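This briefing is meant for a reader who is meeting the structure for the first time. Please keep the sequence and the model in view while reading the points below.

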Amino acid sequence: MKRGFQLFLLVLLMAVSGCQLPSELDGLPLSETEHNQSESRNGKVLRVIDGDTLLVDVEGSKEKVRLIGVNTPETRHPEIGAQYFGKEASRYTEERLQGKRVRLETDVEERDRYGRLLAYVWLGDELFNATLIEEGMAQVMTVPPNEHYRDRFQQLQNEARKKGVGMWKEKGREGRDVEDCSGEIKGNITGDGDRIYHTRESPQYEVTQPERWFCTEKEAKAAGFRPPKGVR
């Protein structure tokens, strides 16, 4: 009892005297602090596969790296072919990263189902994932649990659309704005990572919060999404 009272007095004294956590942790949520301790690796970009996928030499091992939180248009997909602004996005990434030394920051899940290393790619002090969104070269694609920079990415996309930069400026190949697909087919990624798309005929359409929008079911399926169970 006496020891418990002494501990209480000690805590009270620290509060009154203004003692606080180290400045570098002050104001950071626990998740931020933990994330700063995530694994980082250095590497050199050997080849740009497309706008959001790289081949990187990481400590002598060749790794296929998929950028977290972003999705650039396809350039040579076997089912949907080349998408609007895909070549421009791929060219931009190549010009910026080809042959450069980068730092790869991981999140909660280190690899995807294809074995690719999932990373935030840092070019010096620049977070390149964020740059792609800011320049209108990519759209936000959040796949839980890797969502550390989700809010930052979403804010950058909102600003890019308002400014009309990159893919948000020009018309698509069929004469439609890139964002015209909003309100059509919703792509939802569950907490378990399951990818499901909902058309307007889906009972869950109205309550679904989409991570991505699609113009057609074919496009949704090509991106790895499936219809809800019981719906063909």
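In which loop is Pro 145 found? Pro 145 is found in the loop between β8 (139–140) and α5, in a model that is predicted. The chain holds six helices and 11 strands, and buried residues make up 41% of its 232 residues. Among the contacts in the chain with a separation of 6 or more, 58% are between residues 24 or more positions apart.

**Backbone features in the loops**

- Pro 144 and Pro 145 are joined by a cis peptide bond, for which omega is about 5 degrees.
- Glu 59, which has its place in the loop between β2 and β3, shows a positive phi near 55 degrees although Glu 59 is not a glycine.
- As background to both features, most peptide bonds are trans, and most residues other than glycine have a negative phi.
- Is Glu 59 buried or exposed? With a relative accessible area of 72%, Glu 59 counts as exposed, because the cut-off for that class is over 50%.

**The nonpolar cores**

- The largest nonpolar core has 37 residues, and the members that touch the most others are Leu 54, Leu 97, Leu 104, Val 121, Leu 132 and Phe 153.
- Two or more residues of this core come from each of the strands β1 (40–50), β2 (53–58), β3 (61–67), β5 (101–105) and β6 (117–123), and likewise from each of the helices α3 (86–97), α4 (128–134) and α5 (150–163).
- The largest share of this core is that of β6, which gives seven residues.
- Apart from its neighbours within four places in sequence, Leu 97 is in contact with Val 45, Leu 54, Val 102, Val 121, Leu 123 and Phe 128.

- Thr 93 is found in helix α3, and Thr 93 counts as buried because its relative accessibility is 0%, where the cut-off is under 20%.
- Which residues is Thr 93 in contact with, leaving aside its neighbours within four places in sequence? They are Val 48, Asp 50, Gly 51, Leu 54, Gln 98, Phe 128 and Leu 132.

**Strand pairing around β1**

- β1 pairs with β5 in the antiparallel sense over five bridges, and one of the bridges in this region places Ser 40 with its partner Glu 105 in β5.
- β1 also pairs with β2, again in the antiparallel sense and over five bridges, and a hairpin joins β1 to β2 through two residues.
- Asp 50, which is among the contacts of Thr 93, stands opposite Thr 53 in β2.

**The three-stranded sheet**

- An open sheet of three strands runs in the order β10-β9-β11, and its pairing is antiparallel.
- β10 (195–198) and β11 (212–214) stand at the edges, and each has a single partner strand, so one side of each is left without a neighbour in the sheet.
- From one strand to the next, the twist of this sheet averages 30 degrees.
- Strand β9, made up of residues 185–189, pairs with β10 over four bridges in the antiparallel sense, and Gly 187 stands opposite Tyr 197 in β10.

- The buried residues of α5 are Phe 153, Leu 156, Gln 157 and Ala 160, and they lie on the same side of α5 because they cover an arc of only 105 degrees around the axis.
- In general, an α-helix has 3.6 residues a turn, so residues three or four places apart point the same way.
- The buried residues of α5 are covered by elements that include β4 (70–71), β6, β7 (126–127), α4 and β8.
- The face of α5 turned away from its buried side carries the exposed residues Asp 151 and Lys 162.
- Just after α5 comes Gly 164, which takes a positive phi of about 70 degrees.

Methods:
Residues numbered from 1 in each chain as written. Predicted model: local features only at pLDDT ≥ 70, side-chain atom pairs only at ≥ 80, totals over all residues. Heavy atoms only, no water. Core = buried A, V, L, I, M, F, W, Y, C linked by side-chain atoms within 4.5 Å. Buried < 20%, exposed > 50% of the residue type's maximum accessible area, 1.4 Å probe, protein only. Contact = heavy atoms within 4.5 Å. Pairing = 2+ DSSP bridges. Axes fitted to C-alpha atoms, helices over the stretch in contact; angles between N-to-C directions. Arc of directions from axis to C-beta.
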